[in-house]
Amino acid sequence: MKKIEAIIQPFKLEPVKDALHALSVQGMTVTEVKGFGVQKGIREVYRGMEYQVDFIPKVKIEVVAPDEKAQAIVDTIIKEARTGRIGDGKIFVYPVMEVIRIRTGETGENAV
Amino acid sequence: MNTGDTAFMLVSAALVMLMTPGLALFYGGMVRNKNVLGTIMQNFVLLGVISIQWAILGYSLAFGPDVGHLTGNLDWFGLNGVGFEPFKAYAATIPHQTFMIYQCMFAVITPALITGAFAERMKFSTFLVFMILWATLVYDPVAHWVWGDGGWLKNLGALDFAGGTVVHINAGIAALAAALVMGPRKGYGGHGDGTESFIPHNLPMTILGAALLWFGWFGFNAGSALAAGALASSAFTATHLATAAATLAWIGTEWIFRGKPTTLGAASGAVAGLVAITPASGFVGPMSAIIIGILAGVLCYLAVLAKPKLGYDDSLDVVGVHCIGGIVGALATGLFASKLINPAGGDGLFFGNPGQLWVQFIAVAATLLYSFVVSLILFKVLDLTMGLRVSVDDEVAGLDLSEHQEIAYNL
C-alpha cells in the first residue's frame with residue numbers, strides 16, 4: 001500500500017477531487033496548509049506598508065491506495081493540478097506499513 | 001419643545017452610539033488575531049466607563065455654567081438640574097436631557113479613537129485609569145472651549161460643527177503622545193522589515209466597522225444640527241458626498257503610488273473623509289464637501305505613508321487619519337464655510353472672509369498644544385506609576401489571553 005501526499009494550489013482541489021472520484025479512490029483527507037517551495041513567498045501591502053509573506057496557502061491531499069493504483073493516482077493529480085507555473089506543488093509517495101479500520105478491526109487492503 | 005426634533009435627536013444619539021462598536025470592529029480587524037478581543041474591548045468598555053463619567057462629572061465640566069471661558073463648573077454634577085426643560089443656549093427645541101445623552105455618545109467615541117495608537121500592547125488596568133483622566137482633563141475642557149456656553153474658542157467664532165477639533169484633532173494628537181511614550185510593538189520595524197508582520201487578521205471585519213461608522217456618522221454630523229430640518233439635511237448630504245469622494249481619492253492615490261487599490265484603503269479613505277467633513281458638515285455646500293473629501297483622501301493617505309519615516313508606531317494610524325483629517329477639515333471649514341448654507345455659521349476665505357481661516361488656525365493650534373501636552377504628561381505619569389505596557393511575554397501571547405483570559409477564534 002502507498003500513501004500519496006500532494007501539496008497543490010488551493011483552486012485545483014475541486015478538479016483533483018473530481019478526477020480522483022472518477023478513479024474510485026476510497027477516501028481522501030484534505031488539509032489547508034501554508035508553506036514555501038521554489039515559489040518562495042508573496043508581497044502583501046497594507047496601508048502602504050509592504051510585508052514579505054513567506055508561507056503561501058496551499059492544500060494538502062492525502063490518499064492511501066493499493067500499490068497497483070498508486071501510479072494512476074499520481075498521474076491523475078499531476079494532470080489535474082498542473083498549470084505549468086511555479087507554485088503548482090509537489091507529490092510525495094510513501095510506503096504504508098498497515099491500515100486498520102477502527103469500526104471493524106479489518107486490516108490491510110480491505111481496510112483502505 | 002418640538003417632538004420632531006426630539007425624535008430626530010434621540011435617533012441620532014443611538015446612531016452615534018453605534019459608532020463605538022463600529023470603531024471596535026474597524027480596529028479589531030486590523031490587529032493580529034491574538035489581540036482582536038483586547039482591541040474590541042478597549043473600545044466597547046468605554047461605552048460603560050465614559051458614559052458613567054459623563055453623567056457624574058463630564059457633562060457638567062463640558063457644558064455646565066462657564067468658569068473663565070475654560071471649563072464648566074460642577075453645578076450639573078450628577079446631572080443635577082439637567083432635566084426635561086430645553087436649555088436654550090444649546091438646543092431650544094429638545095429636552096436638555098436629550099442634548100446631554102446625545103453629547104454623551106461623542107464623549108464615548110473620542111477617547112475610543114485613541115486606542116488605535118497603542119493597540120496590541122497596553123495594560124488594561126492602566127488603560128481604564130488613563131481614559132477616565134483623559135476624558136476629565138482633556139475632552140471635557142476642550143469640548144467646553146468649542147461648544148460650551150462661554151467657551152473661549154466659541155466666543156472667538158471658531159467653527160466646528162460636529163467635532164473636528166474637539167473629537168478628531170483632540171484624539172489624534174493624544175494618539176501621537178501615546179505612540180511616542182509607549183514605544184513600538186515588539187518586532188515592529190517601520191517599513192515592514194521588523195522581525196514580525198503586522199498583517200490585519202480580518203479585513204472584512206474592518207470593512208464592516210467602516211460601514212457602521214459611515215452609517216452612524218449621519219447621526220454625528222446631521223444630528224449636530226440639533227433639529228430635524230434643512231440644516232440637518234445639508235450636513236447629511238455634505239457628509240455622504242465628502243466620504244464618497246475621500247474613498248475614491250484614497251484608493252486612486254494608492255493605485256498610482258502602489259499599483260493596486262485596496263479594500264483597507266477604501267475603508268480608510270471613507271473614515272478620513274468622515275473625519276474631515278465633520279467640522280465643516282453644517283457650514284459647506286455639496287461641491288465644497290466633495291473637494292474636502294478629495295483633500296482628505298489624498299492627504300491622509302500620504303500622512304499614513306510618511307509614518308514609517310517618522311519612526312513611531314501609531315499602530316492603526318490614528319494620527320494619519322484623525323489628526324491630519326481633523327486638521328484638513330478644520331482649516332477647510334475656514335475656506336469653504338458659507339452663510340448661504342448656515343446663517344448662524346460664518347463665511348470662509350472663499351466666501352470673502354479671510355479672518356475665519358485664522359480663527360480656525362487658532363482653534364487647531366490650541367487643541368493640538370493642549371491635548372498633546374496633557375496627554376503626554378498623563379502617559380508619562382502612568383508609565384512611572386502603573387506601567388503602560390503589558391510584559392513582553394504577555395505581548396507575545398496577545399492581549400486576548402493575557403488581559404482577558406479568552407481566545408477569539410476557537411476551532
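The model is predicted, so local features need pLDDT of at least 70 and side-chain atom pairs count only at pLDDT 80 or more, while totals for chains, interfaces and linings use all residues. Residues are numbered from 1 along each chain as its sequence is written, with chains lettered from A and ligands numbered from 1 in the order in which they are written.

Let us begin with the whole chain. Chain B has 14 helices and two strands, taken as DSSP runs numbered from the N terminus (H or I, at least four residues, for helices; E, at least two, for strands). Of its 411 residues, 59% are buried, meaning that 20 or more other C-beta atoms, placed from the backbone, lie within 10 Å of a residue's own.

Now follow helix α12 of chain B, residues 355–385, which reaches 45 Å from its first C-alpha to its last. Its buried residues include Gln356(B), Ala363(B), Phe372(B) and Phe379(B). They pack against α4, α5, α6 and α11 of chain B. Just after α12(B), Gly387(B) takes a positive phi of about 85°.

Finally, turn to the neighbouring chain. The contact takes 14 residues from chain B and nine residues from chain A, where two residues touch if their C-beta atoms, placed from the backbone, lie within 7 Å. On the chain B side, α8, α9 and α10 each supply at least two residues, and α10(B) gives the most, with three residues.

How values were computed. A residue is buried if 20 or more other C-beta atoms lie within 10 Å of its own, exposed if 12 or fewer, and partly exposed in between; C-beta atoms are placed from the backbone. The expected span of a helix is 1.5 Å times one less than its number of residues.
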